[in-house]
Amino acid sequence: MSRVTVWHDGNCPLCRREISLMRRLDRRGRIDFVDATGPVDCPVDRAALLARFHAMEDGRMLSGAAAFAAMWRAIPLLRPIGLLARYRPVLTLLERAYLRFLTMRPTLQRWLARRERHA
C-alpha cells in the first residue's frame, strides 16, 4: 500500500478535529499530514490548498472527495469506503456532498472557533 500526503488547514478548527481523528485511525503511519498554513513546500497554490482538501496518492494530486477517498484507502478501517469511491458514480455523489459541505464550512468553522474559545 502506498503512502498518502494530505495537506490541511491547521488554522481551521474543523480541519484540526478531522485531522486529529485521521491521525488516530492511521495506526500504520501511511499518511503524511502537512499543515498548509506553515512554511511548507506547496505543490499547488497555497490558497487552493486551503480552499479544498488535497492529497497526493501514487504521485497524483487529488482534491475534494477524491482526496478524502485516497486518505480513506490508507486507513484499514475506512479502506472499503475509499475503494468504493474509485467507481465514478460513487465519487460523483461524494463530490456533490463535499461541495455542499464547502458551502457550510465557514459557518461550522465559526461555530467551532466560538466553542473552543469558551471551553
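## Burial and model basis

Buried means under 20% relative accessible area, exposed means over 50%, and partly exposed lies in between, with a 1.4 Å probe and protein chains only. By that cut-off, Arg105 is buried, and so is Asp9.

This is a predicted model, in which local features need pLDDT of at least 70, side-chain atom pairs count only at pLDDT 80 or more, and totals for chains, interfaces and linings use all residues. Residues are numbered from 1 along each chain as its sequence is written, and side-chain values use heavy atoms, with hydrogens and water left out.

## Salt bridges

A salt bridge here is a side-chain nitrogen of Lys or Arg within 4 Å of a carboxyl oxygen of Asp or Glu. Side chains of opposite charge can pair when their charged atoms come close. The structure holds 4 salt bridges. Helices (H or I, at least four residues) and strands (E, at least two) are DSSP runs, numbered from the N terminus.

One of the bridges joins Arg105 to Asp9, with the closest N and O atoms 3.6 Å apart. The pair links distant parts of the chain, 96 residues apart. Arg105 sits in helix α5 (residues 88-118). Asp9 lies in the loop between β1 (4-8) and α1 (13-25).

Helix α5 also supplies Glu95. Its side chain meets that of Arg52 in a salt bridge at 2.9 Å, N to O. Arg52 is in the loop between α2 (46-51) and β3 (54-57), and the two partners are 43 residues apart. Arg52 counts as partly exposed because its relative accessibility is 22%.

## Strand β3 and helix α3

Glu57 and Arg73 form a salt bridge, the closest N and O atoms being 2.7 Å apart. Glu57 belongs to strand β3, Arg73 to helix α3 (residues 65-73), and 16 residues separate them. Both are buried.

Helix α3 is mostly covered: 9 of its 9 residues are buried. Among them are Phe68, Met71 and Trp72.

## Thr5 in strand β1

Thr5 is found in strand β1. It counts as buried because its relative accessibility is 19%. Contact means heavy atoms within 4.5 Å. Leaving aside neighbours within four places in sequence, Thr5 is in contact with Asp32, Val34, His54, Ala55 and Met56.

## Cysteines

How many disulfides does the structure hold? There are 0, a disulfide being a pair of cysteine sulfur atoms within 2.5 Å. Cys12 is buried, with a relative accessible area of 1%. Cys15 is buried too, at 16%.
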